[in-house]
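Here is a short briefing to read alongside the model. Please keep the sequence and the 3D view open as you go through the points.

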Amino acid sequence: MTSADVPGTDAGRPARPEDVEEICASLPETELGVSWGDVPTWKVPRGDKGRGFVLYRRPHHSAVHPETGEMYDDLLVVVTADAGEKAALVDDPATPFFTIDHFRSTNAVLVQQSRLAELTLAELREILTEAWACRAPRRLVTALRAGERLDG
């Protein structure tokens, strides 16, 4: 039984853009910092050694809607463990994830915040937690997976 099956939980509801911040902030030793100059980025661990796992991408000519030609203005970049995980998310027509040429050699996917409702809260939490695990120190990942209480 998953949390989505438990009465009284909201894990089965559609994900919302504000859930990204809530989920990322709840993971151990995370902080909202910046990367690439001034791009808001969720990083782990806190401080100078932090590595980004979710980035709020600014509009850029390299990412345009294929039908309208308009630059996306609500993209998230989410780190994946490897090319296989990236392909699984991008190739699954049931998910809103995609990639662009700019990210062809990077283990990360893109998703429009306006399409997050195509995921459940539980699915979004799983994807963001896996992104966190790709960048978090091993001790944090081991402790989280073992169910140990950690300061978030």
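The largest pocket of this predicted model holds about 420 Å³ of space. Its lining has 19 residues, and those closest to the centre are Trp36, Leu55, Arg57, Val77 and Phe103.

**Pocket lining**
- Strands S2, S3 and S4 each supply at least two residues of the lining of the largest pocket.
- The biggest share comes from S3, which gives 5 residues to this lining.
- By class, the lining of the largest pocket divides into 9 nonpolar, 7 polar and 3 charged residues.

**The sheet**
- Five strands form an open sheet with antiparallel pairing, in the order S1-S2-S3-S4-S5.
- At the edges are S1 (31-35) and S5 (108-112), each of which pairs on one side only.
- From one strand to the next, the twist averages 30 degrees.
- S4 (residues 75-79) runs antiparallel to S5, and 5 bridges join the two.
- Leucine 75 has glutamine 112 in S5 as its bridge partner.

**The helices**
- Helix H3 (residues 121-135) lies across S2 (39-44), S3 (51-57) and S4, and runs at about 135 degrees to S3.
- H3 also packs with helix H4 (residues 138-145), at an angle of about 145 degrees and with the axes 8 Å apart.
- On the H3 side of this contact are Thr129, Glu130, Trp132 and Ala133, which meet Leu140, Val141, Leu144 and Arg145 in H4.
- The residues of the contact of H3 with H4 divide into 5 nonpolar, 1 polar and 2 charged.

Note on methods
Residues numbered from 1 in each chain as written. Predicted model: local features only at pLDDT ≥ 70, side-chain atom pairs only at ≥ 80, totals over all residues. Heavy atoms only, no water. Pairing = 2+ DSSP bridges. Helix = DSSP H or I, 4+ residues; strand = E, 2+ residues; numbered from the N terminus. Axes fitted to C-alpha atoms, helices over the stretch in contact; angles between N-to-C directions. Contact = heavy atoms within 4.5 Å. Nonpolar A, V, L, I, M, F, W, Y, C, P; charged D, E, K, R; others polar. 1 Å grid on protein atoms, 1.4 Å probe; cavity = no way out; pocket = protein on both sides within 12 Å on 5 of 7 lines; lining within 4 Å. Points joined across faces, edges and corners; volume = space filled by probe spheres on them.
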